[in-house]
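Subject: Structure handover

Hi,

Here is the structure I promised to pass on. My notes follow below it.

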Number of protein chains: 2
Amino acid sequence: MITIKNLIGLGALFLAFCSLSVHAEKWRPVEAENAVLITLPHGKVVIELTPDFAPKHVAQFKQLIKQGYYQGTNFYRVIDGFVAQAGPSEDKKGKQFSAPVLAMESEWQFDKSWRFTQVQSPDLFASVTGFKGGFALGLDDKTNTAWLTHCPGVIAMARGNEADSADGHFYITIGQAPRYLDRIMTIFGRVIYGMEHIQAIRRTAVIEGQQAVDPAQFTELSNIQLMSDVPPAKRINLEIEDTESESFADKLNERRLRKHAFFYKKPPPVLDVCQVPVATRIANTKPAQQPK
Amino acid sequence: MITIKNLIGLGALFLAFCSLSVHAEKWRPVEAENAVLITLPHGKVVIELTPDFAPKHVAQFKQLIKQGYYQGTNFYRVIDGFVAQAGPSEDKKGKQFSAPVLAMESEWQFDKSWRFTQVQSPDLFASVTGFKGGFALGLDDKTNTAWLTHCPGVIAMARGNEADSADGHFYITIGQAPRYLDRIMTIFGRVIYGMEHIQAIRRTAVIEGQQAVDPAQFTELSNIQLMSDVPPAKRINLEIEDTESESFADKLNERRLRKHAFFYKKPPPVLDVCQVPVATRIANTKPAQQPK
């Protein structure tokens with residue numbers, strides 16, 4: 001029998017994920033020039049690019065989109081819990097695309113003036129983790145090196161064995177963060193809307209004993225456009241929670257302390273940077289009523 | 001233009017995920033009495049239950065399945081990157097189900113004779129992590145306490161604020177492991193087949209500014225049966241990699257060292273227990289040819 005207890009339980013578990021903050025949330029608009037609209041047969045996805053961290057990869061990705069390089073290509077390598085990878089197949093070889101080989105842009109040096117919001121120190125894969133501009137970071141505080149980290153929903157360029165061998169095929173992470181790929185792959189954006197549609201892409205890897213997946217059933221990347229090239233009426237205009245705001249820092253702290261009664265026993269006061277949600281909302285949303 | 005380089009890159013990245021082992025893999029059959037077949041509108045899913053770790057939750061889950069408690073219920077709380085939760089709604093209140101409140105079964109004490117395969121020490125949320133019977137574990141080596149950990153694809157009972165308040169509503173984790181829930185929720189099984197169909201369940205949580213999801217569009221749990229109650233011809237018979245085998249330990253070691261040329265720069269020699277794949281195969285598969 002369902003009782004009020006169940007309903008309380010659901011509410012409590014919900015709070016456990018989306019803790020309330022004392023400070024009003026701060027938001028920033030996503031620039032149409034740095035947003036990409038991907039149309040899949042089953043839904044729309046928006047990616048925010050990060051020219052600050054991977055300028056050459058972002059520039060080439062934008063150029064390839066404009067050239068039609070990805071138009072009608074397939075997600076041909078989709079492994080549950082790992083990645084969904086796409087790019088033109090061999091039969092597109094005849095078409096000429098300008099996709100020169102890219103040099104790795106996977107880490108950078110920072111100095112004391114460089115600001116980010118710290119999440120955890122130490123972490124399993126980094127001495128420090130944090131956020132900047134909505135992106136999860138790993139940092140080495142001995143060498144003052146930082147990098148974007150492979151949380152679910154990042155987009156990065158695939159490559160060969162050599163560091164500087166990526167050109168256009170990309171993957172999006174769809175499972176537990178494969179952080180062993182940090183610093184050796186170039187992440188250049190992340191999914192900020194429609195991640196559930198990326199998760200619903202047809203898997204192409206088969207398990208032993210299972211019938212192989214027919215390539216005709218692979219999920220097609222029906223359309224891909226820079227948001228700035230989409231007619232204004234058809235754009236998805238988004239805002240991202242400001243991860244350098246006081247309200248976000250408060251949220252991290254509340255998440256770490258887990259003061260809600262649901263936590264009858266407190267978990268360790270640590271945070272996995274890839275398990276901290278960064279909120280997205282449709283732009284021009286009325287601000288939510290603040291708690292009195 | 002696509003070159004052979006891209007193809008090599010894909011192969012390399014694939015190896016990075018599924019490293020080859022020198023020892024032949026060892027497998028164990030999944031017992032039909034401990035397997036559950038879930039039929040969703042878009043695919044079939046198999047869960048393996050763990051009576052060794054959560055005997056009372058497993059017994060009650062089996063009994064509720066047999067009573068028809070879950071039949072035709074909805075996944076009514078599905079949050080991308082977090083959980084897909086299901087159970088009967090209020091309008092089923094009239095029907096009488098025997099779903100008594102369950103006491104927490106989330107951790108246990110172990111002694112020196114207790115065997116498991118170690119993965120990592122220390123870990124962000126535990127002093128030691130490991131595997132036993134295909135399940136990921138967290139361990140505290142000071143108190144000799146162990147627990148099942150919230151990796152993607154585990155099934156656990158939802159509850160209210162009180163520890164001992166779960167009865168029948170369950171959730172399956174669908175994103176980065178929410179390990180802050182370890183030890184305070186009872187995990188009683190994990191998805192071993194069809195996780196991509198769990199990932200494709202309709203999300204019910206909406207973002208600010210987005211139209212609310214109509215409950216009529218929630219994904220229905222069309223059917224759920226113990227595998228032992230499924231006619232033999234319609235069963236999905238599976239085998240699971242033996243996580244206590246020498247070959248699995250070898251695989252962990254290779255994964256930690258990342259010797260493949262793809263890793264032109266080595267990642268830290270650490271493993272996230274939730275990012276180590278445990279293989280499933282269809283039973284009665286011919287053994288794969290061993291490398292010479």
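Start in chain A, where Glu239(A) stands opposite Arg281(A) in β16(A). This is a predicted model, in which local features need pLDDT of at least 70, side-chain atom pairs count only at pLDDT 80 or more, and totals for chains, interfaces and linings use all residues. Residues are numbered from 1 along each chain as its sequence is written, chains are lettered from A and ligands numbered from 1 in the order in which they are written, and side-chain values use heavy atoms, with hydrogens and water left out.

**The sheet in chain A**

Some terms come first. Helices (H or I, at least four residues) and strands (E, at least two) are DSSP runs, numbered from the N terminus. Two strands pair if DSSP finds at least two bridges between them.

β15(A) and β16(A) run antiparallel and are joined by three bridges. Strand β1 (residues 27-29) of chain A also runs antiparallel to strand β15 (residues 238-241) of chain A, again with three bridges. Trp27(A) has Glu241(A) as its bridge partner in β15(A). Pro29(A) stands opposite Glu239(A) in β15(A). Put together, chain A has an open sheet of three strands in the order β1-β15-β16, with antiparallel pairing. β1 and β16 of chain A are at the edges with a single partner strand each, so one side of each has no neighbour in the sheet. From one strand to the next, the twist averages 30°. The angles behind that value run from 0 to 180 degrees between N-to-C directions, and the axes are lines fitted to C-alpha atoms, for helices over the stretch in contact.

**The sheet in chain B**

Chain B has an open sheet of three strands too, ordered β1-β15-β16 and paired antiparallel. Its edges are β1 (27-29) and β16 (280-282), each with a single partner strand, so one side of each is left without a neighbour in the sheet. The twist averages 30° from one strand to the next. Three bridges hold the antiparallel pairing of β1(B) with strand β15 (residues 238-241) of chain B. Here Trp27(B) stands opposite Glu241(B) in β15(B).

**Helix α4 in chain B**

Helix α4 (residues 246-257) of chain B has twelve residues, which should span 16 Å at 1.5 Å a residue; the end C-alpha atoms are 17 Å apart, which agrees. That expected span is 1.5 Å times one less than the number of residues. Which residues of α4(B) are buried? They are Ser247(B), Phe248(B), Asp250(B), Lys251(B), Leu252(B), Arg255(B) and Arg256(B). Buried means under 20% relative accessible area, exposed over 50%, and partly exposed in between (1.4 Å probe, protein chains only). Just after α4(B), Arg258(B) has a positive phi of about 50°.

**Disulfides**

There are two disulfides over all chains. The cut-off is a pair of cysteine sulfur atoms within 2.5 Å.

In chain A, Cys151(A) is joined to Cys274(A), with 2.0 Å from S to S. The torsion about their S-S bond is about -75°, so this disulfide is left-handed. Cys151(A) sits in the loop between β10 (145-148) and β11 (154-157) of chain A, and Cys274(A) in the loop between α4 (246-257) and β16 (280-282) of chain A, so the pair ties together parts that are 123 residues apart in sequence. Cys151(A) counts as buried at 8% relative accessibility, and Cys274(A) counts as buried at 10%.

In chain B, the sulfur atoms of Cys151(B) and Cys274(B) are 2.0 Å apart and form a disulfide. This link is left-handed, with -75° about the S-S bond. Cys151(B) counts as buried at 9% relative accessibility. Cys274(B) is buried at 10%.

**Aromatic rings**

The whole structure has 28 aromatic pairs over all chains. Rings of Phe, Tyr and Trp (its six-membered ring) pair if their centres lie within 6.5 Å; planes under 30 degrees apart count as stacked, over 60 as edge-to-face and the rest as tilted.

The ring centres of Trp108(A) and Trp114(A) are 6.0 Å apart and the planes are at 65°, so this pair is edge-to-face. Trp114(A) and Phe116(A) make a tilted pair, 5.6 Å centre to centre with 35° between the planes. Trp108(A) counts as buried at 16% relative accessibility, whereas Phe116(A) is partly exposed at 25%. One aromatic cluster is formed by Phe53(A), Trp108(A), Phe110(A), Trp114(A), Phe116(A) and Phe135(A).

**Charges over rings**

A charge sits over a ring if NZ of Lys or CZ of Arg is within 6 Å of the ring centre and within 35 degrees of the ring normal. Arg159(A) lies over the face of Phe262(B), 4.0 Å from the ring centre. Arg190(B) lies over the face of Phe135(B), 5.6 Å from the ring centre.

Best wishes
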